[in-house]
Amino acid sequence: MFGLTLILGGSGCDERAQHDLLVEIGVDEEAEVPPITVDIACDRTVGSTCDAETLGVAVEREADRLASIPGSTIRLWILDGPEPNVPAATIVVPTVRRRNARTAQRQANAWSRQVRTAFVARIAEDPPDDTSSTSPLAELLTRIAAAGGAGERRISVITDARQRSGVADAECRTPSELSWLASLRRHGLLGHGSMSGIHVVFVH
């Protein structure tokens, strides 16, 4: 260890570069990052865009981000699923002692692939209802927001963004802002502050 310190001290590397090298060889560890909660909403209603391919891409992108943050959670919600009020699947990043950066990256890549496989398999278990004409997006987002989660929160919604339910019918015409907000209030959805601190991304 003393010899290693001498080599690093005389190499001209800055402090961050020295730290990265120590992490790489397993002498030091990365600072802990607070857990993150990611919810993926899959809208498989008629004409929408969530299928095995689009879900796989979205899940892998989010899982890659979470894989190196132990304690983080990724959840799958299916808009037309048999139990839309609860996540269809929940996976937590395990706490694994990392020997070095290369090992950590291999573990992260493997975890990301496992999440993608599990989530894609999950939607295959419950085929979409091709006879349903509803697409209650606002209702689903309200439930996801109320589900809570540790740390930073992010919702990735794979959808055509066409709300169709008792709240509004936006399949053919987008409601005005005033009528949309009034309908949300009447139905008790997406109340003031309910999405505070949550980053929402719509994926087509």
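User: Which residues lie nearest the centre of the second largest pocket?

Analyst: This is a predicted model, in which local features need pLDDT of at least 70 and side-chain atom pairs pLDDT 80 or more, while totals for chains, interfaces and linings use all residues. Residues are numbered from 1 along each chain as its sequence is written, and side-chain values use heavy atoms, without hydrogens and water. On a 1 Å grid over the protein atoms alone, a pocket is an open set of points where a 1.4 Å probe fits, with protein on both sides within 12 Å along at least five of seven lines, and lining residues have an atom within 4 Å of a point. The lining has 13 residues, and nearest the centre are Leu-137, Ala-161, Gln-163, Trp-180 and Phe-202.

User: Is the disulfide of Cys-42 and Cys-50 left-handed or right-handed?

Analyst: A disulfide here is a pair of cysteine sulfur atoms within 2.5 Å, and those of Cys-42 and Cys-50 are 2.0 Å apart. The torsion about their S-S bond is about -105°, so the disulfide is left-handed.

User: Is Thr-49 buried or exposed?

Analyst: Thr-49 belongs to the loop between strand E1 (36-42) and helix H3 (52-66), where helices (H or I, at least four residues) and strands (E, at least two) are DSSP runs numbered from the N terminus. Buried means under 20% relative accessible area, exposed over 50% and partly exposed in between (1.4 Å probe, protein chains only). Because its relative accessible area is 15%, Thr-49 is buried.
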